[in-house]
Amino acid sequence: MAAEKRRTGNNGDTAGSVCRECPAPCCRDITMLITRPRTRTEINEIAQYLHFDTATVFIRNGKWYLTFAGTCIYLSRDNLCRKYTTRPARCRRHNPPDCERFAPWYDMLISTPEEFEEYLRSAGRRKRSETAVKRRIPR
Ligand code: SF4
Ligand code: SF4
């Protein structure tokens, strides 16, 4: 499981006042890139993460991510980064307008094990129907 932290250049130099006026949702969760689950064991593992009300899974551009809600200990009460000059590289790369304040950051959001099962069922139905259409196309 590769880790990818999706974070901000909160009150960033490229952002100017945009970040300063923002409640910094990007500093209130931690996101990891995960592999798309293929086996029942991998599916069960992700379903178990979703038992926690702090966990969500989202899919964006075909990639899967696991997110845990929580506030960075370096976020100040006025929503500014208290270690701005030494903030992590991923925080430096995360800047508006490519951030959650301006656009949805997911194509599909999954918050509970039930939503996950429903997603897998409909993905399975879509795949079966695409396979059936391909079989019907004359060669
Ligand atoms: S969500 Fe966007 S605008 Fe808000 S602090 Fe983070 S990077 Fe800046
Ligand atoms: S280090 Fe700073 S920019 Fe990075 S998540 Fe924490 S408060 Fe936000």
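Which residue in E3 stands opposite Ile 30? Select Ile 30 and look across: Phe 68 faces it in E3.

Before moving on, note that this is a predicted model, in which local features need pLDDT of at least 70, side-chain atom pairs count only at pLDDT 80 or more, and totals for chains, interfaces and linings use all residues. Residues are numbered from 1 along each chain as its sequence is written, while chains are lettered from A and ligands numbered from 1 in the order in which they are written.

**Stop 1: E1 and E3.** Select residues 29-34, strand E1, and residues 63-69, strand E3. Six bridges pair them in the antiparallel sense. (Strands are DSSP runs of E, at least two residues, numbered from the N terminus; two strands pair if DSSP finds at least two bridges between them.)

**Stop 2: E2 and E3.** Start at Ala 55, whose bridge partner in E3 is Phe 68. Then pick Ile 59, which is bridged to Trp 64 in E3.

**Stop 3: the turn.** Two residues lie between E2 and E3, which form a hairpin. Click Asn 61 in this turn; its phi is positive, about 50°.

**Stop 4: E4.** Select residues 108-110, strand E4. E4 runs antiparallel to E2, joined by three bridges. One to show is Val 57 with Ile 110 in E4.

Technical notes. Helices (H or I, at least four residues) and strands (E, at least two) are DSSP runs, numbered from the N terminus.
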